[in-house]
Amino acid sequence: MSTREYRPTITQLRTFVSIAEYGHFGTAASNLGISQPSLSQALAALETGLDVQLIERSTRKVIVTSTGEELLPLAKATLASLDDFVTKAHGAQGGLEGGISIGMIPTLAPYILPEFLSEASAKLPTLQPVVTEDKTEALLDNLRFGKFDLAIIASPDTTTGLKFERLFLEEFVLVVPQGHQLAGRRNLKVSDIPQDELLLLDDGHCLRDQVLDLCRTVKNSGEVRNLARATSLNTLIQLVAAGQGITLIPLSSITSEHRRPGVDFATFAGGASVAGRQMGYVFRTSSARGSDYAELGKIITVAFDRAEKASRELLESTMQGR
């Protein structure tokens, strides 16, 4: 068969991408909802049609060949374009209707989800959002692969193949043990943070990187010793309450995370412009649903504004009189 005449089927491309992603024939077959023999046949047909080897098979592991690595991004882009084509066709007359898959970072999702789902239900009653919480890198990878329609994250370092649209700035609040010298301060500067006391989230959390970047803006600053690493804000605050150090958290999390005996707060002069993060949504550049996502972004911003307002009121009442 001539390679000029041959055109891969969508099933064959999905087979190749799934095997490359999972590194296991059985897992890939299960993910696609087909039998393993059918999976192997689809891959073999693709390789025969293209006259190239995409996957090396062995009893112990699956290896993507160098040619496979070159073709994999193109296969993913083709599948993503197809998904966007179908999605756009389904929503051509109704905009935001039916299912939509949204990824969201774990330092935001728990604090705005109730308001977001309530607002989305009121404004877009036929929309069926499915929200998945994960770290930024995983969200972006899955977005490129087509598993999400869009993701809500802080400003990414790179958006190859993706477009980032800003939504809102969120300020950081310093959490300290009760009795700490900075407790109750409302005019902090970044240089006031005793960096050798800072507790950070574990690797992979964008909030960890944002805090480290913030600390690097201070010349001749002390070294962040990173006394402990945690996988959630809840754990960080428990450590602060135990007198193990201090930490920075997003303002929207105050309502959920403030109820811990033994902690106090301090805020920065200048708020988010001094110590904060830029939040927004990101989607594939190949997507034709930019206007739909912009509408959804407005709802996300409303949800954040409500969560932020509740957190700010609670923070003010907690710090009042200091």
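This is a predicted model: local features need pLDDT of at least 70, side-chain atom pairs count only at pLDDT 80 or more; totals for chains, interfaces and linings use all residues.
Colleague: Are H1 and H2 oblique or perpendicular to each other?

Modeller: Their angle is about 130°. Roughly perpendicular would need 65 to 115 degrees, and roughly antiparallel over 145. H1 and H2 are therefore oblique.

Colleague: Which residues of H2 does H1 meet?

Modeller: From H1 come Arg14, Thr15, Ser18, Ile19 and Tyr22. By class, this contact of H1 with H2 has five nonpolar, four polar and one charged residues. The partners in H2 are Phe25, Thr27, Ala28, Asn31 and Leu32.

Colleague: Which residues touch the most other members of the largest nonpolar core?

Modeller: In soluble globular proteins, nonpolar side chains tend to be buried together. Here the largest nonpolar core has 37 residues. Strand E6, strand E9 and helix H10 are among the elements that each supply at least two residues of this core. The members touching the most others are Leu174, Leu248 and Phe265.

Colleague: Beyond its neighbours within four places in sequence, what is Leu248 in contact with?

Modeller: With those neighbours left aside, the list includes Ile193 and Phe268.

Colleague: Is Gln238 buried, partly exposed or exposed?

Modeller: Gln238 lies in helix H8. Its relative accessibility is 42%. Buried means under 20% and exposed over 50%, so Gln238 counts as partly exposed.

Definitions and conventions:
Residues are numbered from 1 along each chain as its sequence is written. Side-chain values use heavy atoms; hydrogens and water are left out. Axes are lines fitted to C-alpha atoms, for helices over the stretch in contact, and angles run from 0 to 180 degrees between N-to-C directions. Helices (H or I, at least four residues) and strands (E, at least two) are DSSP runs, numbered from the N terminus. Angles under 35 degrees count as roughly parallel, over 145 as roughly antiparallel, 65 to 115 as roughly perpendicular and the rest as oblique. Contact means heavy atoms within 4.5 Å. Ala, Val, Leu, Ile, Met, Phe, Trp, Tyr, Cys and Pro count as nonpolar, Asp, Glu, Lys and Arg as charged, and the others, Gly among them, as polar. A nonpolar core is a set of buried Ala, Val, Leu, Ile, Met, Phe, Trp, Tyr and Cys residues joined through side-chain atoms within 4.5 Å. Buried means under 20% relative accessible area, exposed over 50%, partly exposed in between (1.4 Å probe, protein chains only).
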